[in-house]
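Here are a few notes to go with your first look at this one. Have the model open while you read.

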Amino acid sequence: MVITQTLKSFKTDFTVKVNSFEEIPKISKKLLDHYAKCYSNHNFTYRILLPRVADSQEVNNDSKKMGMYIQNELLSGIRSSKLKPNIKEFRYVHDNDSYGWILFDPSFSHHFE
């Protein structure tokens, strides 16, 4: 089991906060470009922060949908780029306002043991 503080303090190349569905195509493009750039060196790390409201199931459901949309865009982009998906992830509560989602190359797994 990974300690949340370890996830919060893990250094990533980029951190992006997603606020709406409209931002996702642009964010997905940047995410895919970074993945392709880091692919051969196995040094991909990326953090995505999604909206969180403790007493709003609607906002939290939208966050889940945004996460799934980003994931689908990334996987489809990886395949169309003729690369193989080689990504591990952790999803966690980042703070009172955000869910955190860390995507990383499996070579970074030792940071979470």
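**Notes on the strands and salt bridges**

1. Start with strand S2 (residues 45-51): seven of its seven residues are buried, so the rest of the structure largely encloses it. Buried here means under 20% relative accessible area, exposed over 50%, and partly exposed in between (1.4 Å probe, protein chains only). Helices (H or I, at least four residues) and strands (E, at least two) are DSSP runs, numbered from the N terminus.

2. A word on the source: this is a predicted model, where local features need pLDDT of at least 70, side-chain atom pairs count only at pLDDT 80 or more, and totals for chains, interfaces and linings use all residues. Residues are numbered from 1 along each chain as its sequence is written, and side-chain values use heavy atoms, with hydrogens and water left out.

3. What does S2 pair with? Strand S1 (residues 14-17) runs parallel to S2, joined by four bridges, and strand S4 (residues 98-104) pairs with S2 in the antiparallel sense over seven bridges. Two strands count as paired if DSSP finds at least two bridges between them. Look at Leu49 in S2: Lys17 is its bridge partner, and Gly100 in S4 stands opposite Leu49.

4. Now the salt bridges (a side-chain nitrogen of Lys or Arg within 4 Å of a carboxyl oxygen of Asp or Glu). A search of the whole structure finds two. Asp33 bridges to Lys29, with the closest N and O atoms 3.0 Å apart; the two sit four residues apart in helix H2 (residues 24-38), so about one helical turn separates them. Arg91 and Glu89 meet at 3.3 Å, N to O. Arg91 is partly exposed at 43% relative accessibility, and Glu89 is partly exposed at 34%.
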